[in-house]
Amino acid sequence: MFPSTSPDAGRETWPDGSRPGPAAPTRGQPPAPRTGPAVADGDRRERGGPRRARRAGEPARRSEDDVDEPEEEVVPPVEVHRPLALTIAGFAALLGVGLVLGAQTSGPGHRLPFAFIVFGVQLLFVLAWAMAMRPPALLLVAGVSAVVAALADIAAVQTDVAGLAPLGYLAAGGFLAAVLGQLVRRVDRVRVTDSLGATLLIVVGVVAFGTLIVLSRIPAGTQAITVCLTASGVALTVARLTDAVLPWPRLAPQVPRGAAGVVAGAMVGTLISALLGGYLVAPFTPTRAAVIGLVAAVTAVLTDLAVGYAEAGRLMAGEPPTMWVARHMQGPLGGFALAAPTAYAMCMLFL
């Protein structure tokens with residue numbers, strides 16, 4: 001049996017019937033390279049010869065120099081504990097109510113009750129922030145901060161002219177005393193550079209609460225305290241309550257907070273301050289009270305959020321977790337500490 005078609009069918013034929021061979025070398029030109037036996041694939045790659053064309057559907061070859069890139073590690077989001085968020089919301093509400101009612105008891109020649117209330121909040125601030133940030137010579141920094149808090153309250157009550165200059169001097173002196181105390185011990189001297197920020201925050205935070213006493217001695221200052229601290233307390237409480245119900249969208253996987261709570265807290269705090277402005281006497285108006293309350297509320301909720309980011313950063317860095325109560329009191333206390341000088345500044349600028 002013969003095949004129906006020739007094996008050479010479909011191939012291009014040469015007109016003269018012969019296959020072309022290597023051309024003869026011409027004079028003045030080097031001869032063409034001779035063809036030798038088949039070369040192995042390994043030798044062909046080493047000599048840089050032509051590469052085989054990849055067929056359709058065949059996966060591309062990966063060179064030996066390619067290194068497998070590590071896949072990005074997916075960090076699971078931190079679980080939001082609803083009972084904890086509700087507890088923090090309640091603490092923020094109680095703290096705001098205590099400061100606002102204490103400001104109402106303040107009057108000419110009768111400012112010691114409000115000073116005692118502020119000093120109690122300052123001690124809570126020192127306890128929470130010192131235990132959370134753990135600077136070197138912890139007891140020394142906490143003791144210096146408590147002494148500075150007492151001196152700041154006395155200066156705010158006893159000075160003839162209500163101003164922030166004595167508080168500024170006390171903050172600078174307390175910071176220098178805390179840093180020098182850390183430099184005395186050789187063990188703490190190594191970490192003192194890294195702890196400058198923590199020491200400064202603790203000392204300045206306790207002095208910031210003293211601005212409330214100074215503000216209560218200024219005309220319309222007590223009303224400004226009422227508007228700003230009410231807005232701050234409502235903003236912190238609503239933000240934490242929203243996190244307990246709807247912590248969405250998550251701002252960071254490691255931080256159990258949601259953007260909805262931050263925005264809702266600032267908006268509700270501004271609304272409450274505008275309503276208060278309609279019941280207060282001149283120079284307060286709903287518009288002025290809304291502006292002052294907006295600044296105070298945004299300051300408080302952003303400070304509380306920043307504390308959450310700082311705590312997440314410490315945990316990711318491998319530092320051991322701090323005392324449970326102090327860690328969760330840190331945010332609301334920091335929000336009110338920054339809202340106090342904000343209230344003073346807004347009172348001076350808008351009233």
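Tutor: Start with confidence, since this is a predicted model. Over residues 1-5 the pLDDT stays under 50, and the model has 0 contacts there beyond four places in sequence. Residues 42-48 also have pLDDT below 50, and that stretch has 5 contacts beyond near neighbours in sequence. Where pLDDT is low, predicted coordinates should not be read in detail. For the protein chain, the mean pLDDT is 83, and 77% of the residues reach 70 or more.

Now the charges. The structure holds 5 salt bridges. Take Arg257 and Asp304: their side chains meet in a salt bridge, at 3.5 Å from N to O. Arg257 sits in strand β2 (residues 255-258) and Asp304 in helix α10, so this pair ties together parts 47 residues apart in sequence. Arg257 has a relative accessible area of 4%, so this residue counts as buried. Asp304 is buried too, at 3%. Both belong to a network of salt bridges that links Arg240, Asp243, Arg257 and Asp304.

Glu311 has two partners to look at. One is Arg314, with the closest N and O atoms 2.5 Å apart. Arg314 and Glu311 are 3 residues apart in helix α10, so about one helical turn separates them. The other is Arg327, where the closest N and O atoms are 3.7 Å apart. That pair links distant parts of the chain: Arg327 is in helix α11 and Glu311 in helix α10, 16 residues apart.

Thr299 lies in helix α10, which spans residues 286-316. Thr299 is buried, at 17% relative accessible area. Leaving aside neighbours within four places in sequence, Thr299 contacts Leu338 and Thr342.

Next, the nonpolar side. The largest nonpolar core has 64 residues, and Phe209, Leu212, Leu215 and Leu333 have the most contacts inside it. Among the elements that give this core two or more residues are α7 (196-216), α8 (221-245), α10 and α11. Leu215 touches residues including Gly221, Ile225, Ala343 and Cys347, not counting those up to four places away in sequence.

Val291, Met348, Leu349 and Phe350 make a nonpolar patch of about 370 Å². Helix α11 (residues 324-350) gives the most to this patch, with 3 residues. Met348 has a relative accessible area of 41%, so this residue is partly exposed.

Key
Residues numbered from 1 in each chain as written. Predicted model: local features only at pLDDT ≥ 70, side-chain atom pairs only at ≥ 80, totals over all residues. Heavy atoms only, no water. Patch = residues over 30% accessible without salt bridge, like charges linked within 9 Å, V, L, I, M, F, W, Y side chains within 5 Å. Areas by Shrake-Rupley, 256 points an atom, 1.4 Å probe, with all protein chains shown as cover. Salt bridge = Lys/Arg side-chain N within 4 Å of Asp/Glu carboxyl O. Helix = DSSP H or I, 4+ residues; strand = E, 2+ residues; numbered from the N terminus. Buried < 20%, exposed > 50% of the residue type's maximum accessible area, 1.4 Å probe, protein only. pLDDT = per-residue confidence, 0-100. Contact = heavy atoms within 4.5 Å. Core = buried A, V, L, I, M, F, W, Y, C linked by side-chain atoms within 4.5 Å.
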